[in-house]
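Here are my notes on the model, point by point. Please keep the structure open while you read.

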Amino acid sequence: MVGATLDPGSQLREHGDVRVLRFHLRTSWSRFGPQVGKITLAAPQEECSTGTDIPIDKASSVTFDTPNILVGTSRGVVPHLSRDHCNSVDAIRWINVPFESFLEQSHPVPMLQTGPDPLHTFLGFDKRKHIVSLCLRDPRDIHELPPNGNTYVSALCVRGVRKVTLSDWRKYVYKLQPDVVFALSDTPFTALPHSQKRMTKSIERSISWLVDMLRPLEPSWSLSRSGKLSQHPLNVFVNMAGGTSIPAREAFAHSLSEDLHGPDLEAVKPIKRLDDGVVGYSFDLAALRGSILKPLGSHRRTRQNDILQRESPNMLQDAGKLIEVPTPGNGEVLTPSPLPSRFTESHVLPGPSSLLQASLKHLPEGKPRLVTGVQSPHEMLRLIRDVGVDIFDADLAIAGANVGVALDFVFPLPPDHGPSGEGKKRDVGHNLYDQVYARQYGRLSDCLAGAAESLSQSLAQLPICPCVACSPRSPTSHILHSKADIQSYVETDRNREAVYGPPRSRGYLHHLLHTHEMSAHTMLVAHNLAVLDTFLSGVRDILVDVDGNDIGRGEGEDRITRFAVEVNRFESAYDDTMEVFRVARECWHEVDLARGKGRLGREKEKEGLIEAGGVSGR
């Protein structure tokens, strides 16, 4: 069992007030229509009152408009990006850290960090620019795992499966002080459909674990240092349980909004309903699609290095000793009253929109809706149109960069932007492994221009891509690498403006990819994140007045109608099968095998197939 011997109460008191996440809806004309909001994370000021509007410290606040993106990490690192890149990329505002990747040690390394803001400090993220959230499981990982117990969750790290108890998770959260924490959820990582008994157990456990997460450390913690009532000390997002069963999802949502009674009410005082203690709702689409990978069994692939490793049976911990462990502080597991046994999952999966609507239709509208596991920009637009989703994960951008795809799409489409001349739908990106790009010297995107190109009349109307590949710029100040540089260098011009260079070409990145240069993936991640950020900025521009003026209901309905029309245009112009990703993955695999043991034999075999007309060379 992974454990920690810390006093979380003393750690939390040591750091004073936590930052409060607030969500303000700027436009919303229906419960499930497209909406635009603003997320603000800031520390309340000392002179806060008991009113609903709490003054905030703007100096340390993070604010951004929604819809927007959340960027996932592996061991706290945004794939392919250094800390300097993360702090300079404008598209990265919310970073999610799956804690299971640190569980290979009995005492996870981040727990050794001391001082204020330990998670930000340990991972090197800028508190003034980034919201850093903490979850236990990686929502992108859908390996089949051993089942959870009443008081623990099975998590996957590089050394196998670890069982994290509720008390462990509370200690990790209160020690590391994330800006946002995702409550534990009993998600079945087994092949669909799930039995009625399993769905009922999943809902009961998820509610019980949320109660434990909302349980205060001590009776006095609900009071701030000024002695006045504040909200719960944690910004908690709850994963909406219920699987692919609409009645189960409705029952879980009802459990959040109903009044608490008895031991549950005493455990979470002063909260009267569980929904009062959460700031937002999250949905993991990967676990809903039924695409569960094979069991870990004797072999598995790690996410970090994709090296085939052998799984040892003794890596699994003894679940028998954990199944009887009571919830800490209460003496018993907080389990709500049994739910009605009417939850079944069909072999025919409902669409994501209908599942999300079932979870949200009886819950408040003024809380952010976060979705992970989207597979295409088309799906993002549909979820904005049909559900009003506010935050999407950016795994699409990172997955494309992993296999050499430079995203290239924009919303709304320009008037002359439609299917290609041959009547085929456009790809959402460019597979830069393809030999067709070997001698192409244009920028990565046809829809976006580089900052140095914006002065050209032909490109002046295009949005600017601010990434390091399309808009490379020289530093505005001299880079000092050592104390000797500091002592010898005298700054003569402190008001230098950034000088942008020409964009990196497709042929250049094609060369870097084929020579296994890591900088290619760095530029692609930065570029793809910028494309997604510009894409969602276009969504917001359609739905709100660019000058910030209020919009009446009549004009709001006109904007919703226009948004629906633009979504249809986008779907008719761009390929939603994401074929470019499949082809790029094959090309990446071929280049990956182009060196190492057996290379000459593979090349000879491929040449024979080409001569026989079996395959075409790339």
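1. Start with the side chain of Gln35. One of its polar atoms lies 3.2 Å from the backbone oxygen of Gly388. The side chain of Gln35 also makes a polar contact of 3.0 Å with the side chain of Asp390. (A polar contact is a pair of N or O atoms within 3.5 Å; within protein, one must be able to donate a hydrogen and the other to accept it, and residues adjacent in sequence count only if both atoms are side-chain atoms.)

2. A word on the basis. This is a predicted model, in which local features need pLDDT of at least 70 and side-chain atom pairs count only at pLDDT 80 or more, while totals for chains, interfaces and linings use all residues. Residues are numbered from 1 along each chain as its sequence is written, and side-chain values use heavy atoms, with hydrogens and water left out.

3. Where does Gln35 sit, and is Gln35 buried or exposed? Gln35 belongs to strand β2 (residues 35-42). Its relative accessible area is 0%, so Gln35 is buried. (Buried means under 20% relative accessible area, exposed over 50%, partly exposed in between, with a 1.4 Å probe and protein chains only. Helices, H or I, of at least four residues and strands, E, of at least two are DSSP runs, numbered from the N terminus.)

4. Next, the neighbors of Gln35. Leaving out residues up to four places away in sequence, Gln35 touches Phe23, Leu25, Thr27, Ser28, Thr66, Pro67, Arg369, Gly388, Asp390 and Leu543.

5. Arg369 leads on to the strands. Arg369 is in β14 and stands opposite Tyr281. β14 (residues 369-372) pairs with β11 in the parallel sense, over four bridges. β11 also pairs with strand β10 (residues 236-239), again parallel and over four bridges. There, Val238 stands opposite Tyr281. (Two strands pair if DSSP finds at least two bridges between them.)

6. Why is β11 described as largely enclosed by the rest of the structure? Because six of the seven residues of β11 (residues 278-284) are buried.

7. Check the backbone next. Most residues other than glycine have a negative phi, and most peptide bonds are trans. The bond between Lys269 and Pro270 is cis, with omega about 5 degrees. Pro270 is in the loop between α7 (262-267) and β11. A cis bond also runs from Phe411 to Pro412, with omega near -5 degrees. Pro412 falls in the loop between β16 (405-407) and β17 (429-431).

8. Now the phi values. Asp117 is not a glycine, yet its phi is positive, about 50 degrees. Asp117 sits in the loop between β5 and α3. Its relative accessible area is 24%, so Asp117 is partly exposed. His516 also has a positive phi, near 60 degrees. The loop between α12 (506-514) and α13 (518-543) holds His516. At 29% relative accessibility, His516 is partly exposed.

9. Leu112 is in the loop between β5 (94-98) and α3 (118-123). Leu112 is exposed because its relative accessible area is 57%. Together with Val109 and Phe122, Leu112 forms a nonpolar surface patch of about 250 Å² accessible area. (Patches are made of residues with over 30% relative accessible area and no salt bridge: like charges are joined within 9 Å, nonpolar side chains (Val, Leu, Ile, Met, Phe, Trp, Tyr) within 5 Å. Accessible areas come from the Shrake-Rupley method with a 1.4 Å probe; for residues, only the protein chains shown count as cover.)

10. Last, the charges. How many salt bridges does the structure hold? There are 26. (A salt bridge is a side-chain nitrogen of Lys or Arg within 4 Å of a carboxyl oxygen of Asp or Glu.) One joins Asp126 and Arg128, with the closest N and O atoms 3.2 Å apart. Asp126 is buried at 17%, whereas Arg128 is exposed at 61%. Another joins Asp212 and Arg215 at 2.9 Å. Both Asp212 and Arg215 are buried.

11. Glu266 and Lys269 form a further salt bridge, 3.3 Å from N to O. Glu266 is exposed at 52%, and Lys269 is partly exposed at 45%. Elsewhere, salt bridges with shared partners link Glu100, Arg137 and Asp141 into one network.

Terms used. Contact means heavy atoms within 4.5 Å.
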